[in-house]
Amino acid sequence: MLSWLVALPILVPFATAIIAFFLRGGGRKSAWASLVGCGALLVASIVLLVEVWQRGVVVAQMGGWPAPFGITLAADLLSAVMVLLTAITGLAVAIYALVDVDEAQVRFGFHALFQVLLAGVSGAFLTGDLFNLYVWFEVMLISSFGLLVLGQGKAQLDGGIKYVALNLVSTVVLLTAIGLLYGLTGTLNLADLHLAVMKLDNDGLLTVIAVLFIIAFGIKAAVFPLFFWLPASYHTPPVAVSAVFAGLLTKVGVYALFRMFTLVFTQDVAFTHGLLLAIAMLTMITGVLGAAAQNEFRKILSFHIVSQIGYMVLGLALFTPLALLGAVFYVVHHIIVKANLFLISGLAQRMTGTFELAESGGLYKSQPMLAALFLVPAFSLAGFPPLSGFWAKFLLIKASLDVGAYIAAAVALVVGLLTVFSMTKIWAEVFWKPYPRGDLPAMAIRPGERLALWAPVVLLASLTIVIGLMPEPFIVFAERAANQLVNPDAYVKGVLGGAL
Amino acid sequence: MEVPLAVLVGVLIAASVYLMLARNLVKFLFGLVLLSTAANLTIFTAGRLTLFEPPLIPYGSEAPSTVVANPLPQALVLTAIVISFGLLAFALVLVFRAYRALGTLDGDAMRVAEPEINPASGEPSRREA
């Protein structure tokens, strides 16, 4: 009876996509349809989250086929909160896109692609079946391809090539890994895999497959040394597109790593999670150093996505309840902050006419409000108290110290410091220094567009402040989500039900 | 039956890696085609392979009478083929468009999105691709 509840976050965006597709010729109609669809998705995901919070894992067997034979949709707290974040990001970007996406792009079906992307992301978060996860990855991927090259600027095509090439390799690796895992265990249901893997005595082969999964999801999540597609492409599409990519896409890879390496691959934690730990530290360092070398607003932010992914993987790699708690908290904080920073970069570009730091400037004087709004996510990203990023980093570093991973803790601290460096660079160049070419052009923003551009930024910034000032309920939440990851029995029981 | 297929998968992957290391993007795509074929064959092989034994249950009984081929991997392969067909079609068109817009098929020469930084001046160098 509850089963439709799990399917709603997938069905709503798909339905919206169809409507938006047919309205794409009607000026702004498809944008409004997209906005309404995102509102509905938000409501659906909140209802789902409340349900999961009160009753535990919510499961739906598609087509009435009992698990593990059919396709299962299952939402535990991690899935539910990821879907909620998808809806929040989707809504913010849909509002922003009312103005930011031009008519030609709307005619080519921007909003339909955008909604399919949201459906793919939600599907990946909710599915309880490995092959189905692959299919959702593809849904997400093909729509992101479309969004990335929409408009066909030279830089977009160039970035698109790199994005498409590396992500296609990743899907093939994922497919191979799934095939081998199926050959070994004879099942694709994640909960059933959890049980099947325990009965297996071929741990060596299983570890090989686990590494294939690390590679496949590692490309999606943009970890070292597989991240090169990200800084090559994320600064090229329209701001609305990069914001939704930055907020959600890599996090699907992170989520998939979380799911697989807490539920299925726990047979050789010393090796797999040790490997993840090394990857996490290198990802943090290379990301933040890459950012330090950049001089373009969105390129800096892109490299920071990479370094932040390192923190999340660190939480998974330490594999203690506190570390997973920190990682879940980090993902929540990061999605909101990152999408917001990209939206702000778009606002700054509208006011100064450029993303290049050297050509930009003067915004603190002319737009103090925007400067204040930039400081919230920027400081949060760097981990200043009392913003959300401080708690996220604090939890992860405490978790590292608890298990004696002093190097990881040191790396996390230093990378936080270097993040401050990049953020102050943007601050000094874009906001503080005077505009290099005389007066700031007065073009800026037409009054009718103001609300659509500012509202999402204010919304996301206030969420960051709320999480920062009242972390308690969020930490309690993340703790329960992490406990579900550490003890997957409830998940397994929920999915397999009577079959156990 | 598994051994020749495993060897074939190995050969396909070797060839595809060779092709994908080329700078020419069309060669890269051909490599990708071979790689996804290899992945499909892997799944196919990972299921049971039997000759002339379709997974059909005789009328009146509840289980197949002999060891039969596993139909699930074949369904998976079918799905994967369809998906990779779509992705490949997109990738081909993308490479074509990029060739028209950027005038090159060499992946290394495509530096519009990430211009090379001249180490001496710190300025992006304007080398024509």
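Predicted model: local features only at pLDDT ≥ 70, side-chain atom pairs only at ≥ 80, totals over all residues.

Trainee: What secondary structure does chain B have?

Mentor: Chain B has 3 helices and 0 strands, where helices (H or I, at least four residues) and strands (E, at least two) are DSSP runs numbered from the N terminus.

Trainee: How much of chain B is buried?

Mentor: Of its 129 residues, 31% are buried (buried is under 20% relative accessible area, exposed over 50%, partly exposed in between; 1.4 Å probe, protein chains only).

Trainee: And how many residues does each chain bring to the contact?

Mentor: Chain B and chain A bring 34 residues each, contact being heavy atoms within 4.5 Å. The area buried between them is about 2900 Å², and carbon and sulfur atoms give 80% of that; buried area is the accessible area (1.4 Å probe) that two parts lose on being put together, summed over both.

Trainee: Which elements of chain B supply that side?

Mentor: Helix H2 (25–46) and helix H3 (71–102) of chain B each give two or more residues to it. H3(B) gives the most, with 15 residues.

Trainee: How many salt bridges link the two chains?

Mentor: There are 0 salt bridges between chain B and chain A, a salt bridge being a side-chain nitrogen of Lys or Arg within 4 Å of a carboxyl oxygen of Asp or Glu. Over all chains, the structure holds 7.

Trainee: Where in chain A do Arg350(A) and Asp100(A) lie?

Mentor: Their side chains meet in a salt bridge at 3.4 Å, N to O. Arg350(A) lies in helix H14 (residues 321–352) and Asp100(A) in helix H3 (residues 77–100) of chain A, so the pair ties together parts 250 residues apart in sequence. Asp100(A) is buried, at 16% relative accessibility.

Trainee: What about Glu51(A) and Arg55(A), how far apart are their closest N and O atoms?

Mentor: Those atoms are 2.8 Å apart, in a salt bridge. Both residues belong to helix H2 (residues 29–55) of chain A, and because they are 4 residues apart there, about one helical turn separates them. Glu51(A) is buried at 12% relative accessibility, whereas Arg55(A) is exposed at 60%.

Terms used
Residues numbered from 1 in each chain as written. Chains lettered and ligands numbered in written order. Heavy atoms only, no water.
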